[in-house]
Amino acid sequence: MLQAVTSLSQGVHRPDDRAVTSDLTVDESLLLHALGWEPVDLVFGVSVTAVQAGAWTWGRGQLQSPSDAHNLAVSTASSRLRQECAAVGGHGVVGVRAGVEIHPRHVDVALVGTAVRPIGSDRPPVQPFVSGLSARDFALLAAAGWSPIGLAFGASFVYAPRRDAATALRQSRQNVELTNPTQALYAAREAAMERMQASGLALGAQGVVGVQIAEGPMTFARHVIGFTARGTAVRLLAGEHRTITPDIVLPLNDAVVQFEAEALRGRR
Amino acid sequence: MTGPSDLPSGAEHRLEELRGGFFTSDLSVNEFLLVKEAGFHPLGFVMGSSIYHTGFQGRRWSKSQELTKLTEAMYNARELAMTRMEEEADELGADGVVGVRLDVNYYEWGSDAAEFIALGTAVKAEDGKSYRNRLGKPFTSDLSGQDFWTIMQTGHIPQGLVMGTCVYHIAHRGLGQALSSVGQNVELPNFTQALYEARELAMTRMQDEGTRLGATGIVGVRLEEKSHQWGSHTIEFLSIGTAVTKTGEVSLPKPTVIISLDN
Amino acid sequence: MSAAGDVPEAASRRLESGSFSSGLSATDFSACLQMGLRPVGLVQGFCAMQWGWYAAGSSLGRGLSPFGPSGGGGYQQNWYCPHGFVGGEHRTWGQNFEQTWVEDAWRTGFSAAFDRMLEEAESVGAHGVIGVTDTSRHLADTRVIEFHLLGTAVVVDGAPSPPAGTPWSTYLAGPRLAKLVEAGFMPVSVVATMASVRVWAYCITEFLMEGGAYGWAASMGSTAEIEQVSEARLAARVLAREQARRQLGSDTLQGIAFSAVEREIGAGDQVVECTLRGTRVRRFKDFDPLPPPRPTVRLS
């Protein structure tokens, strides 16, 4: 260790390496390295897709245009991410963070992640994988014999009709379930999850892990209930699942220590 | 040990009970165990507070300057709260106070009045040696139980929570100035210097406190910037950290590589 | 050691006093000592910049043509109306362009603050600066942006005093820095870049982003990508990355923190700003693979 540190006081230069950019943490880079993988480049995928004018203001049941726009935006962004990854010789993208914003007139999707490859490999596959899993999760999955394939996603937006005035008046002093929004939420969830599963199956996946959902009335159209879901589609590569037996630790930290230098700004 | 001073009678009674061996603390179980591991025993939850009226000082619209009267007020009020907390700890025969938090609260009953409060857990060494600082007072530190243990393992002992503050007024930019530089994104050396100076003053004052305690250094320095209730152009720059002295060598075990399955 | 160049009086007095101050947490501090780095002082650098979004956010924006020489080079992409309308209200063409002057100003502010921080570090004879944090924010309600960098200057215990030239710097500190060094990388410098792209919408982008009563739009029913905006947002990201890459030589930019902000400034018009920061690191020895990590579960 000391020898290593001593070199911090001198300058060492090795001109043969090529420039690499990566948003992995030190831990993640080391973990990947232990598996025989290395980061190649920070890659991006962006898509902004239009929602048909007036899509939120009328309709019955499911609103087609917003969910089409959502799916188009995610799949376009995801395939751009794949292209960027392939262009730099990556085998896949790990730790993809997705920013998905649904506006009245457009759906914005921005993906960012780090392209990785087996160390020294110069023969990237035709279809690199895309994974929302952190490098740690990627490492654990790989150890268990699984590989991520791509993002699975689905969205649905359902119109929840208001109670008519007479019903509202009659129920104004009662405890009642509001059946319209409840039904709408159920419908939205079913449709979105179904679409996510379908997109996973289309990728040839055996399952979807790390599903994240967002649900609720849209801020700009309270009468529409939205449900979006996305996760990472995975497939078993090895012959069978390899079990991992963890050690049990009892940490004395109250919380995982994050980058503590931030505390300098008084944001502790 | 110094005699009881201006502590209220309620505190006297509470502290009397604590001297019997019963302890209270706001340490978590993990922190409690690590403080014990470091060779200290918690004595009691101690606090000090001061409700302080900050005076008024005129500001010049277009001049960046330190507002010394406000600086003094902010400093004295915190110092009072800290001293009262130290007195409580002293009453308990403590060697130090860990996990100190310094807060400022504003209440409805006065726009220029604020409560400055210091809270922490008094601890005493189990080996019978005195760990008080060179002013003969219990040491204070804003380190958590975990951090306290870690620092002790590096061969350092906390001496005191040290701080420096500087209340600064940032000049408004006049219309003439604004127009003269329209269309240029250029450096404004005056602003750069003013802000530099304000933070340097706070940090230097903190470091002077550390020097008085004979500290080797100050760890965990935080720079906080608050406008309190003075409007956005008047900012308090508060610099705060724990002064430590080196007494031994680093004795931390080499860490093991683990990969956590928890999120 | 005497104070270098223009390190302010107050700072040099603080840095010359006997004790050190450090922004390191207890964990970082102990990891630092363990790896043989000794903190010598908190060092910082500032730069306050006048900041006007002329030709971008102001109401004058429409008057100042972005299509002229003000483009300033860099990324630029044109979009033309397919409708063949002629009229003042109809935006017959649009443009995405890189606001190189904004990027230049940002770079000036950041690097001035950065250089000043390094000057302070040099004045205390430091080998490097660890645990750097940087902020750029609007001062009060003024049209001034302040860049502030702050870090802890360290010397390598037992090593000869640093060679001339600037000390190395890193956003990392403590255990993470220790791991990085153990993995065979040494920090070279913190790197931060900013890219700013302006979207000047043409008719289709304007309609798709904002809607409006356009007769010609009735035919545009189906869900479609808003290409101009997608292009601009991707371009801003790639520009930020490529700016960083140009500073890297053959090194690695590690632990990138990336952020993007989109500011709407009119119907379909927006500014996309991306910032990217990370530590430039250089391999100085081959990597000894980690011992295989043990998976654990916390009992809590």
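**Close-up views of salt bridges and a sheet**

**View 1. A salt bridge between Arg241(C) and Glu84(A).** Arg241(C) and Glu84(A) form a salt bridge (a side-chain nitrogen of Lys or Arg within 4 Å of a carboxyl oxygen of Asp or Glu), with their closest N and O atoms 3.1 Å apart. This pair crosses between chains, from helix H6 (residues 227–246) of chain C to helix H3 (residues 64–87) of chain A; helices (H or I, at least four residues) and strands (E, at least two) are DSSP runs, numbered from the N terminus. Arg241(C) and Glu84(A) are both buried, meaning under 20% relative accessible area, with exposed over 50% and partly exposed in between (1.4 Å probe, protein chains only). A network of salt bridges links Asp41(A), Glu84(A), Arg241(C), Glu242(C) and Arg245(C).

This is a predicted model: local features need pLDDT of at least 70, side-chain atom pairs count only at pLDDT 80 or more, and totals for chains, interfaces and linings use all residues. Residues are numbered from 1 along each chain as its sequence is written, chains are lettered from A and ligands numbered from 1 in the order in which they are written, and side-chain values use heavy atoms, leaving out hydrogens and water.

**View 2. The salt bridge of Arg91(C) and Asp269(C).** Here the closest N and O atoms are 2.9 Å apart. The two residues lie 178 residues apart, Arg91(C) in the loop between strands S3 and S4 of chain C and Asp269(C) in the loop between strands S9 and S10. Both are buried.

**View 3. An open sheet in chain B.** Four strands follow the order S1-S4-S3-S5, with mixed pairing (two strands pair if DSSP finds at least two bridges between them). S1(B) and S4(B) run antiparallel over 13 bridges, and Ser49(B) stands opposite Ile117(B).
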